[in-house]
Amino acid sequence: MTDAEAENVIEPASFELAQVNISRLKFPLDSAELRDFVDSLDPVNAAAEAADGYVWRLQSEGGDATDIQVFGDSWLIINMTVWRDLDALTSFMYQGRHRELLARRREWFERVAEAMTALWWVPAGRRPTVAEAESRLLHLRANGPTPYAFGLRTSFPPQGAEPVAFAVPEDLGCSV
């Protein structure tokens with residue numbers, strides 16, 4: 001490999017995987033119907049932080065992100081994390097208490113037609129913002145999976161992808 005070719009090689013370790021998922025609540029967070037979910041937040045967050053490949057998670061002073069608004073909608077909650085890679089994220093997602101919560105998600109959250117989860121690569125050490133997460137979700141909804149924003153089923157290698165120019169259709173909001 002020439003020096004010029006080496007300069008264009010993207011090292012996977014120089015990027016980390018950001019993920020956002022949002023959910024539309026069926027009930028207020030302080031309701032009896034959501035008690036099991038709310039009571040599981042601290043243990044699940046602790047398990048994530050202890051998981052191999054975990055890097056960071058969005059949280060407010062309360063220790064979770066349930067009071068951080070997304071898309072200006074108080075019925076939406078956000079979870080945003082950064083992981084070493086896709087394998088680390090999926091390994092955590094489908095085991096233990098998190099897996100148990102996934103199995104019960106329809107009890108607590110509305111079924112929504114549009115994409116509610118997006119993944120993208122960030123330079124190692126950079127933490128994504130809520131505004132960036134909203135942008136990535138809207139991009140995925142408008143364009144489908146691209147290197148700029150993708151889902152669990154269609155992923156892309158780390159790279160500095162730029163968004164595709166688009167106008168956001170009115171019906172890509174989060175209403176059900």
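Predicted model: local features only at pLDDT ≥ 70, side-chain atom pairs only at ≥ 80, totals over all residues.
**Entry 1: Thr 146**

I started at Thr 146, which is in contact with His 139 and Phe 156 once its neighbours within four places in sequence are set aside; contact here means heavy atoms within 4.5 Å. Residues are numbered from 1 along each chain as its sequence is written, and side-chain values use heavy atoms, with hydrogens and water left out.

Where does Thr 146 sit? I found it in the segment after helix 6. Helices (H or I, at least four residues) and strands (E, at least two) are DSSP runs, numbered from the N terminus. Thr 146 counts as buried because its relative accessibility is 12%; buried means under 20% relative accessible area, exposed over 50%, and partly exposed in between (1.4 Å probe, protein chains only).

**Entry 2: Phe 156**

Is Phe 156 buried or partly exposed? It counts as partly exposed, because its relative accessibility is 23%.

I listed what Phe 156 touches beyond four places in sequence: Trp 121, Pro 145, Thr 146, Pro 147 and Phe 150. Trp 121 is 35 residues away along the chain, yet the two C-alpha atoms are separated by 8.8 Å.

**Entry 3: helix 6**

His 139, one of the partners of Thr 146, belongs to the buried set of helix 6, so I went there. Helix 6 is largely enclosed by the rest of the structure, because 10 of its 14 residues are buried. I wrote the buried ones down: Val 130, Glu 132, Ala 133, Glu 134, Arg 136, Leu 137, Leu 138, His 139, Leu 140 and Arg 141.

What do they pack against? I see strand 1, strand 3 and strand 4.

From first C-alpha to last, helix 6 reaches 20 Å, close to the 20 Å expected at 1.5 Å a residue; the expected span is 1.5 Å times one less than the number of residues. Just past the end of helix 6, I noticed that Gly 144 has a positive phi of about 75°.

**Entry 4: helix 2**

I ran the same check on helix 2. Its 16 residues should span 22 Å at 1.5 Å a residue, and the end C-alpha atoms are 24 Å apart, which agrees.

Where does helix 2 bend? I put the spot at Leu 41, with a bend of about 40° and Pro 43 following within four residues. The bend at a residue is the angle between axes fitted to the seven residues ending there and the seven starting there.

Buried in helix 2 are Phe 37, Ser 40, Leu 41, Val 44, Asn 45 and Ala 48. I found strand 2, strand 3, helix 3, helix 4 and helix 5 among the elements that cover them.

**Entry 5: the loop between strand 2 and strand 3**

I looked up two residues in this loop. Gly 63 is there, and it is buried, with a relative accessible area of 18%. Beyond four places in sequence, Gly 63 touches Asn 45 and Arg 57. I also compared positions: Gly 63 and Leu 41 are 22 residues apart along the chain, and their C-alpha atoms are separated by 9.3 Å.

Phe 71 is in the loop as well. Its phi is near 55°, a positive value in a residue other than glycine. I have Phe 71 down as partly exposed, at 25% relative accessibility.

**Entry 6: the largest pocket**

How big is the largest pocket? I get a volume of about 1400 Å³. Of the 48 residues lining it, Asn 21, Ser 23, Leu 102, Arg 105 and Thr 117 are the closest to its centre.

On terms: over the protein atoms alone, on a 1 Å grid, a pocket is an open set of points where a 1.4 Å probe fits, with protein on both sides within 12 Å along at least five of seven lines, and lining residues have an atom within 4 Å of a point. Grid points are joined across faces, edges and corners, and the volume is the space filled by probe spheres set on the points.

I noted that strand 3 gives the most to the lining, with 6 residues. Others supplying at least two residues include strand 1 (15–24), helix 2 (35–50) and helix 6 (130–143).

**Entry 7: the whole protein**

Last, I stepped back. I count 6 helices and 4 strands, in the order α-β-α-β-β-α-α-α-β-α along the sequence. Of the 176 residues, 43% are buried.
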